Every structure is written in structure tokens, then in C-alpha cells.
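Dear colleague,

I am passing on the structure below, together with a summary of what came out of the analysis. Please read the notes alongside the coordinates.

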Amino acid sequence: MPGVRPYYAPGSLSAAFYDVVTAADGQLSGDVELYAGLAAPGASVLELGVGSGRVAVALAMRGLSVTGVDIARPMLAQAQARRDMLEPQAAARVELRQGDMTALDLKRSFDLVIAPYFVLAHLPTGAAWRNAFKSAARHLKPGGLAAFHLPLLSLMRRASPPDPEAVVLNEALDGGGRLRLYVRERRFREDVGRLEQVIDYEEVDARGAAARRSSERLAYYMADPEPLAAEAGLRLDRPAIPLGGVGEVWVFRKA
Ligand SMILES: C[S@@+](CC[C@H](N)C(=O)[O-])C[C@H]1O[C@@H](n2cnc3c(N)ncnc32)[C@H](O)[C@@H]1O
């Protein structure tokens with residue numbers, strides 16, 4: 001569709017306002033503690049799809065050493081800025097790299113691999129998931145854990161057509177402006193296991209005038225992750241852990 005950007009693309013408002021939207025999202029509450037609880041003190045962590053560094057920096061502040069990889073430069077730039085605000089010892093525990101989680105080879109292994117906030121769901125199930133699980137397994141020490149936060153298929157299936165005039169988020173911005181979000185399109189495609197959404201972002205300045213607008217496409221894919229993880233040598237370690245009512249964290253162990 002002309003004029004619709006992919007999520008997190010250069011110039012996108014989804015990248016520019018990622019932290020504003022995520023901070024308002026109660027569905028992620030407790031996720032940092034969950035991932036920290038999977039790691040021994042001082043452990044090494046690889047975050048696939050590190051985004052703005054929300055989780056990576058919080059884990060580094062807890063004493064973990066985190067390497068964060070993301071495909072999107074606008075997101076990595078925010079992660080770098082967040083890391084630079086840490087005190088030097090903690091900042092030294094965060095390494096950031098541009099990379100594709102479906103074809104990653106850092107030539108080192110970690111105690112824990114994490115993919116928080118639906119990172120894997122951004123990729124089509126099938127070959128992309130298979131390769132992402134292989135990347136995770138390739139970077140894990142024997143016995144190490146890999147945690148993937150995935151959406152609930154049952155909820156995705158219940159997606160109903162949105163009211164494009166309804167404001168779904170209305171957040172105050174520094175400087176007196178506001179960010180408003182609208183869902184213009186939403187449908188679930190059973191044939192490809194994909195929730196398709198177009199989100200309209202509107203930034204309004206302190207006088208109420210529209211400063212920036214952008215329509216952005218966000219797709220989430222979901223399928224049973226167990227068979228593809230098993231192909232990569234990752235076995236389900238425990239029942240999926242519910243998070244925020246819309247997703248679950250699937251924890252696998254490398255044999
Ligand atoms: C919803 S954000 C999650 C960011 C972070 N993990 C968090 O919890 O806040 C999803 C991230 O996955 C990244 N991503 C999508 N596909 C990717 C790929 N193939 N390889 C690496 N990162 C990818 C996006 O650029 C985006 O930053």
C-alpha cells in the first residue's frame with residue numbers, strides 16, 4: 001500500500017517513539033525480571049532484536065554482560081544512546097551490533113539468548129523461524145537457555161476490524177506535545193498465520209497542531225515454535241510462561 005512504511009524503518013515514527021509506546025504498554029510489565037531470573041549472576045546474554053536497549057541496558061545494570069543485535073539502525077541508535085547514559089562500568093557490559101537474527105554468527109557463545117517483545121513474531125514462520133532458532137542454538141553454550149516472547153495465537157485469531165477514528169494511545173511528550181495512535185487496519189490471515197495491522201502515528205505539538213504523521217505496517221506471525229526449535233537442538237525446558245495477558249515466554253534448553 002503506497003505511503004505505508006514498515007515498522008522500525010528509517011524515518012518511521014514507530015522507531016522514533018518506540019520508548020514512549022513501550023513505556024505505556026503494561027503488557028510487558030515484569031519481563032526484565034523474568035529474563036534476569038533465567039541468568040546466573042554475571043552471566044553472558046545475547047539479545048536478538050535488541051531494539052532501543054530497553055531490556056539489554058536493564059540487564060547490564062543488574063551485572064549481566066549483554067550483546068544486543070538488531071537489524072534496524074534507527075533502533076540501534078537509540079540503544080547506543082541509552083547505553084551511553086550508563087555509568088562506565090555498566091556501559092562496558094553492553095555491546096551492540098547490527099545483524100540479522102536469521103543469519104547470525106558472532107563466533108562466540110553465551111549463557112542465555114533472549115528475544116523479548118515478539119521479536120521472533122516479526123519474522124515469517126517457516127524458514128525464517130528455523131534459521132532464527134539455529135542462530136540462537138549456535139550462540140548458546142551447552143545447557144544454556146533461549147527465551148522467546150511470542151504472542152498468543154488465540155488472541156490474534158480474535159482480531160476484529162478496528163475503528164480507524166478511535167485513539168488507542170494518547171501520550172504526553174517532552175516539550176508539551178502528544179503522541180496519538182490509531183489502528184487503521186487489523187486482520188488475521190489464517191492461511192499464513194499472520195496478524196496484519198496498519199497503525200497511524202500522529203505527533204501533535206504543544207499548540208495542538210499536527211507536527212508529523214506516519215502510517216506503519218506491523219505484522220505478527222505465530223505458529224508452534226517447538227518443532228523448529230527442536231530441529232535446531234533446542235528442547236522446551238518448561239511450560240510457556242504467561243506475560244501480560246497477550247503473550248508467553250517460551251524457554252528452551254540447548255542439549
Ligand atoms: C518490538 S521490538 C523489541 C525490542 C526489544 N527486544 C524490547 O524488548 O524492547 C522488535 C525488534 O526486533 C528487530 N528485528 C526484527 N527483525 C529482525 C531480524 N531479522 N534480526 C534482528 N532484529 C530484528 C526490530 O528491528 C525491532 O528493533
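The model is a predicted one, and I begin with the ligand: among the 20 residues around the ligand, those that come nearest are Y18, E47, G49, R54 and D70. Sorted by class, the shell around the ligand consists of 12 nonpolar, 4 polar and 4 charged residues.

A polar side-chain atom of D70 lies 2.6 Å from an oxygen atom of the ligand, while a polar side-chain atom of E47 is found 2.7 Å from a nitrogen atom of the ligand. On the backbone side, a polar atom of P116 is 3.2 Å from a nitrogen atom of the ligand. The ligand taken alone exposes 600 Å², and of that area the protein buries 96%. As for its location, the ligand sits in the second largest pocket.

Turning to the overall architecture, the protein is divided into domain 1, which covers 10-152 + 224-254, and domain 2, which covers 155-220. The centres of domain 1 and domain 2, taken over C-alpha atoms, are separated by 24 Å, and the contact between them takes 15 residues from domain 1 and 16 residues from domain 2.

Technical notes
Residues numbered from 1 in each chain as written. Predicted model: local features only at pLDDT ≥ 70, side-chain atom pairs only at ≥ 80, totals over all residues. Heavy atoms only, no water. Near = heavy atom within 4 Å. Polar contact = N/O pair within 3.5 Å; in protein donor to acceptor, adjacent residues only side chain to side chain. Areas by Shrake-Rupley, 256 points an atom, 1.4 Å probe, with all protein chains shown as cover. 1 Å grid on protein atoms, 1.4 Å probe; cavity = no way out; pocket = protein on both sides within 12 Å on 5 of 7 lines; lining within 4 Å. Sits in = over half its atoms within 2 Å of the grid points. Nonpolar A, V, L, I, M, F, W, Y, C, P; charged D, E, K, R; others polar. Domains from an automatic or database assignment. Contact = heavy atoms within 4.5 Å.
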